[in-house]
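Biologist: Could you walk me through this model? I'd like to begin with the ligand.

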Amino acid sequence: MDDTRPPIDRAIGRASDVATDVATDGAAVGAQVAAEELMIRCRSLVQVYRVGGGDVLALQGLDLDVRRGEMLGVVGASGSGKSTLLSVVGGLLAPTAGEVVVDGIDLVRCSRRRRERYRRERVGFVWQHSAQNLLADLTARENVERPLVVAGRPGARRRAEELLERVGLGDRASHRPTTLSGGEQARVALAVALATEPAVLLADEPTGELDRATSADVFELMRDISATTGVTQVVVSHDPDLVDHVDRVVGIRDGRTSTELRRIDDDVEHVLVVDEVGRVQLPLDAVDALDVRGGVTVRVEGGSIVL
Ligand code: ADP
Ligand code: MG
């Protein structure tokens, strides 16, 4: 690679190399990943919220593939559509347009009843605020039992105790949430989310209220759960260390996946996402650095794309 090029050319050239390689082996947006290896497949997802003053476009043609057992991180500015994406993938919200298939279930075409059953039985949610995850009047064990009782599963008490053991809180089973630390509440929330053995665990800023060290512990527990149960996880987080804990991080900008970060040994590799029709979002700092708004020329040079 010609290192005398300006930084933006080098950066984009490098990113494009990777994207090209990746597109060939099918791991970028996963167009060529065999359907049975995919747990989540989103194509051209659009979500419009109709509000008094007009429409809010929360997702604008988002593409995303998540492999079975993968632990995916999602980052993006506030308002970029992260929570909306989790709501759609979790069956809480039917998208305005586009495709979303999770665990072989077409969430757009299936009946409302099917979607609700999917949400109850196949999805575990962890929200940022403990109050959204845990009922204050119930003990830790009763909180974990609840989804099992609702689903009519036998042996709820025993399974709840095992799960609390699993998240390191075997000795806190009879505590109410307010008597637990933030990190412990996050662990109970994980146990609740995993109670029905979901195929997907969706976590929206699960460590948002925790300090850095406690966050790292919770992420490591999630990582461990991924490895032992094979559950597929999508974790929205602002944690600067996120990429250390997950398999891959996608960046969402304006309701669309725009970048990917992966840790390859000691390096973090930045990949620009190229969607199925070839659209790319350049990083804003790169756009600003060279003031390329309005248009650039593009040239293919050997294995690189030069803008
Ligand atoms: P993030 O989680 O990345 O902060 P959200 O998915 O919450 O983003 O929101 C994406 C956009 O959709 C924002 O502009 C937000 O204001 C809007 N939005 C989210 N939920 C609603 C809603 N229920 N009604 C109207 N607008 C909403
Ligand atoms: Mg959000």
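**Ligand shell, sheet and turns**

Modeller: Sorted by class, the shell around ligand 1 has five nonpolar, six polar and one charged residues. Asp, Glu, Lys and Arg count as charged, Ala, Val, Leu, Ile, Met, Phe, Trp, Tyr, Cys and Pro as nonpolar, and the others, Gly among them, as polar. This is a predicted model, where local features need pLDDT of at least 70 and side-chain atom pairs pLDDT 80 or more, while totals for chains, interfaces and linings use all residues. Residues are numbered from 1 along each chain as written, chains are lettered from A and ligands numbered from 1 in written order, and side-chain values use heavy atoms, without hydrogens or water.

Biologist: Which residues are around ligand 1?

Modeller: Y49, V51, V56, A58, A77, S78, G79, S80, G81, K82, S83 and T84. To be listed, a residue needs a heavy atom within 4 Å of the ligand.

Biologist: And which element supplies the largest share of that shell?

Modeller: That's α2, with three residues. At least two residues each come from β1 (38–51), β2 (54–67) and α2 (82–89). Helices here are DSSP runs of H or I with at least four residues, strands are E runs of at least two, and both are numbered from the N terminus.

Biologist: What polar contacts does ligand 1 make through its oxygens?

Modeller: A polar backbone atom of G79 sits 2.7 Å from a ligand oxygen, and for a backbone N or O of S80 the distance is 3.2 Å. S83 uses its side chain instead, with a polar atom 2.8 Å from an oxygen of ligand 1. For the ligand, a polar contact is a pair of N or O atoms within 3.5 Å. As for cover, ligand 1 alone exposes 560 Å², and the protein buries 61% of that (Shrake-Rupley areas, 1.4 Å probe).

Biologist: Switching topic: in what order do the strands of the open sheet run?

Modeller: Four strands go β2-β1-β4-β5, with antiparallel pairing. β2 and β5 (105–106) are the edges, each pairing on one side only. Pairing takes at least two DSSP bridges. β1 and β4 (97–102) share five bridges, and C42 has V100 in β4 as its bridge partner.

Biologist: Where does D103 sit?

Modeller: In the loop between β4 and β5. D103 isn't a glycine, yet its phi is positive, about 55°. E197 likewise has a positive phi, near 55°, and lies in the loop between α7 (182–194) and β7 (200–204).

Biologist: How many residues separate β10 and β11 in their hairpin?

Modeller: Two, and D265 in that turn has a positive phi of about 50°. Six bridges join β10 (256–264) to β11 (267–272), running antiparallel, and R263 stands opposite V268 in β11.

Biologist: What pLDDT does the chain average?

Modeller: It averages 86, with 89% of the residues at 70 or above. Residues 5–31 fall below 50, and that stretch has 55 contacts in the model beyond near neighbours in sequence. pLDDT is the predictor's per-residue confidence from 0 to 100, and a contact means heavy atoms within 4.5 Å.

Notes. A polar contact is a pair of N or O atoms within 3.5 Å; within protein, one must be able to donate a hydrogen and the other to accept it, and residues adjacent in sequence count only if both atoms are side-chain atoms.
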